[in-house]
Amino acid sequence: MATARQLLYGLLLILSVAGCGQDEAVSAALGDAERGKEAVARYGCIACHAIPGALNQGSNVGPPLHKIAQRAYLGGVIPNTPEQMVRWLRNPAAIDPRSAMPNLGLSEAEAKDIAAYLYTLK
C-alpha cells in the first residue's frame, strides 16, 4: 500500500509531465517566437504596452504584457487561446469595437509569430 508521501510524489510527477507538452502544443499551433519578438519591435508595440525585456518600459495606453500567457482573457472579452490570440492580433476591433488597439494589418503568419512570442511571457 502506498504511503501518503508516495501518493503526493506521484501526483506531482503526473502534474509536471502533463504540463510539459503545453509549450510544444502552443508552438505547434503558432509560429516562431523569435520572429514574433522581432515583429513586436518592428511594429512598435512598446508605444502602447510595457513588455518584459524591451529596451524601454513602454507606455500605459494598453495593458502591460508581462504574464499574458497566464491570463484567462484577451482584451477582457475572449478566452486566451492561441487561436483567439491570433484573431485578436489581426483585428482587435472585430472582436471588441471599443478597443483602442489598432488593426496593424498583420498577416496570419506575423500574428502567429507574435502570439508565439507573447506566450513565452509567463
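Select Asn80 and its surroundings. Setting aside neighbours within four places in sequence, Asn80 is in contact (heavy atoms within 4.5 Å) with Ile68, Ala69, Arg71, Ala72, Tyr73, Leu74, Met85 and Tyr119. Asn80 sits in the loop between β2 (78-79) and α3. Helices here are DSSP runs of H or I with at least four residues, strands are runs of E with at least two, and both are numbered from the N terminus.

A word on the model before you go on. It is predicted: local features need pLDDT of at least 70, side-chain atom pairs count only at pLDDT 80 or more, and totals for chains, interfaces and linings use all residues. Residues are numbered from 1 along each chain as its sequence is written, and side-chain values use heavy atoms, with hydrogens and water left out.

Stay on Asn80. Is Asn80 buried or exposed? Its relative accessibility is 15%, so Asn80 counts as buried. Buried means under 20% relative accessible area, exposed means over 50%, and partly exposed lies in between (1.4 Å probe, protein chains only). Now follow the side chain of Asn80: it reaches the backbone oxygen of Ile68 at 2.8 Å.

Next, select Lys67. This residue lies in the loop between α2 and β1 (73-74). Lys67 is partly exposed, with a relative accessible area of 45%. Check its backbone too: phi is positive, about 60 degrees, although Lys67 is not a glycine.

Now the helices. Two packed helices are described by the angle between their axes and the distance between the axes. Axes are lines fitted to C-alpha atoms, for helices over the stretch in contact, and angles run from 0 to 180 degrees between N-to-C directions.

Select α3 (residues 82-90) and α5 (residues 108-118). They pack at about 120 degrees, with axes 9 Å apart. That makes α3 oblique to α5. Angles under 35 degrees count as roughly parallel, over 145 as roughly antiparallel, 65 to 115 as roughly perpendicular, and the rest as oblique. Show side chains: Met85, Val86, Leu89 and Arg90 in α3 meet Glu108, Ala111, Lys112, Ile114, Ala115 and Leu118 in α5.

Ala33, Arg35, Gly36, Lys37, Ala39, Val40 and Arg42 in α2 meet Glu110, Asp113, Ile114, Ala116 and Tyr117 in α5.

How values were computed: A polar contact is a pair of N or O atoms within 3.5 Å; within protein, one must be able to donate a hydrogen and the other to accept it, and residues adjacent in sequence count only if both atoms are side-chain atoms.
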